[in-house]
Amino acid sequence: MVINMPGAGPDAEDMRPARTGAPAAGKTGPGGRRLSPFKLYMRRFARNKAALGGLLLFALLVFFAVFGRFLTHWNYSEADFAALTVAPGTGGHLLGTNGAGNDVYAQLVHGLGRSLVIAVTVSLLTTAIAGLFGTTAAYFGGKVERVMLGFVHFLLILPSFLIIALVGTHYRGEWQVLVVVLTLFGWMLTARVIWSLATSLREREYVLAARFMGVSPMRIIVRHLVPNIGSLLIVTFTLGVASTVQSETALSFIGFGVKQPDVSLGSMLADGQNTLSTAPWLFYLPAAMVVLLTVAMALIGDGLRDALDPTSQSGGRA
């Protein structure tokens, strides 16, 4: 995939060569005006019906997580001891209750919101760390590059799942701790991919010109290297949300993630598995939320990848 996005700063703007194949070159709007890269990407994304469907689905899920609590007077941690494991629509509970008398609808709203907060935060942090780490290693090269890549390879061979499980158990499922450990062990593979792409960028004319002009290494990395892999970072962040939801769900499902009194989709699945035959709604409702969220982010990620890749035609011609 060709990773070309405008981003080199004014330090070397005049010395950059014309890019062949870049989507912004030679593209004009209905009035003959040249389209900006952002408008071109958005137009390509809008032509992808599946991606638009994923974006709409994700927006509905976010809307449900933010405003869904206003449609019920029950709190997710409040127990109705007069209605234990009642079916949906019974006793004033829209989606029924669990064995402790908690309203399933209220827990579903809170659980989806908690899973979204964890997923977006972890994906944002891991993408930022991987982008800076990979481009820094590629820029300096030599001994610095070998040391940084050695550190990445060392972290990759660590039993990260066992460490996350031990830390999650020690801190009794606090979601902030879960965010930290998922971030610490979730950026290495992305960083290595970014490093392999950034090695070809460090020899580009505008990077060499910026070095010759005395621009600081950190400014070159932030202003020239990182923006030119921006499309990869955007797609990585989007798909990272889906993978983090799955990781958080798996950890909570086996008891190493979010725990009571807090609620996430994974903890709801763990509670519902024991009553799958007697109260199936306790398992299938949070499972449906996980599936919908994963599908939405996958469709958005595919749409962004096609829109930002100048060689792709799946998004249609703009």
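Predicted model: local features only at pLDDT ≥ 70, side-chain atom pairs only at ≥ 80, totals over all residues.

Me: What makes up the secondary structure of the protein?

Reply: The protein has 12 helices and zero strands. Helices (H or I, at least four residues) and strands (E, at least two) are DSSP runs, numbered from the N terminus.

Me: How many of the residues count as buried?

Reply: Of the 318 residues, 47% count as buried. Buried means under 20% relative accessible area, exposed over 50%, and partly exposed in between (1.4 Å probe, protein chains only).

Me: Why is the pair of F133 and F151 called tilted?

Reply: Two numbers decide that. A pair of aromatic rings is described by the distance of the centres and the angle of the planes. Rings of Phe, Tyr and Trp (its six-membered ring) pair if their centres lie within 6.5 Å; planes under 30 degrees apart count as stacked, over 60 as edge-to-face and the rest as tilted. F133 and F151 have centres 6.4 Å apart and planes at 40°, so they pair, and the pair is tilted. F133 sits in helix α3 (residues 104–140) and F151 in helix α4 (residues 142–157), 18 residues apart, so the pair links distant parts of the chain.

Me: Which other ring forms a tilted pair with F133?

Reply: W187 does, at 4.9 Å centre to centre with 55° between the planes. This pair also links distant parts of the chain, with W187 in the loop between α6 (175–184) and α7 (188–201), 54 residues from F133. The structure holds eight aromatic pairs, and F63, F67 and F70 form one aromatic cluster.

Me: Are F133, W187 and F151 buried or partly exposed, and what makes them so?

Reply: F133 has a relative accessible area of 17%, so it falls under the 20% limit and is buried. W187 is buried because its value is 7%. F151 has 41%, which lies between 20% and 50%, so F151 is partly exposed.

Me: Why is the contact of D262 and R114 called a salt bridge?

Reply: A salt bridge is a side-chain nitrogen of Lys or Arg within 4 Å of a carboxyl oxygen of Asp or Glu. The closest N and O atoms of D262 and R114 are 2.9 Å apart, so the pair qualifies. D262 lies in the loop between α10 (230–253) and α11 (265–272) and R114 in helix α3, so the bridge ties together parts that are 148 residues apart in sequence. Both D262 and R114 are buried.

Me: How many salt bridges does the structure hold?

Reply: Three. Another one joins R202 and E145, with the closest N and O atoms 3.2 Å apart. R202 is in the loop between α7 and α8 (205–212) and E145 in helix α4, so parts 57 residues apart in sequence are tied together. R202 and E145 are both buried. R305 and D302 also form a salt bridge, at 3.5 Å. Being three residues apart in helix α12, R305 and D302 are separated by about one helical turn. R305, at 37% relative accessibility, counts as partly exposed, and so does D302, at 31%.

Me: What is the nearest side chain of opposite charge to D103, and how far away is it?

Reply: R69, at 13 Å. That is beyond the 4 Å limit, so R69 makes no salt bridge with D103. Lys and Arg count as positive and Asp and Glu as negative; His and the chain ends are not counted. D103 is buried, and its side chain reaches the backbone nitrogen of Y105 at 3.3 Å.

How values were computed:
Residues numbered from 1 in each chain as written. Heavy atoms only, no water. Polar contact = N/O pair within 3.5 Å; in protein donor to acceptor, adjacent residues only side chain to side chain.
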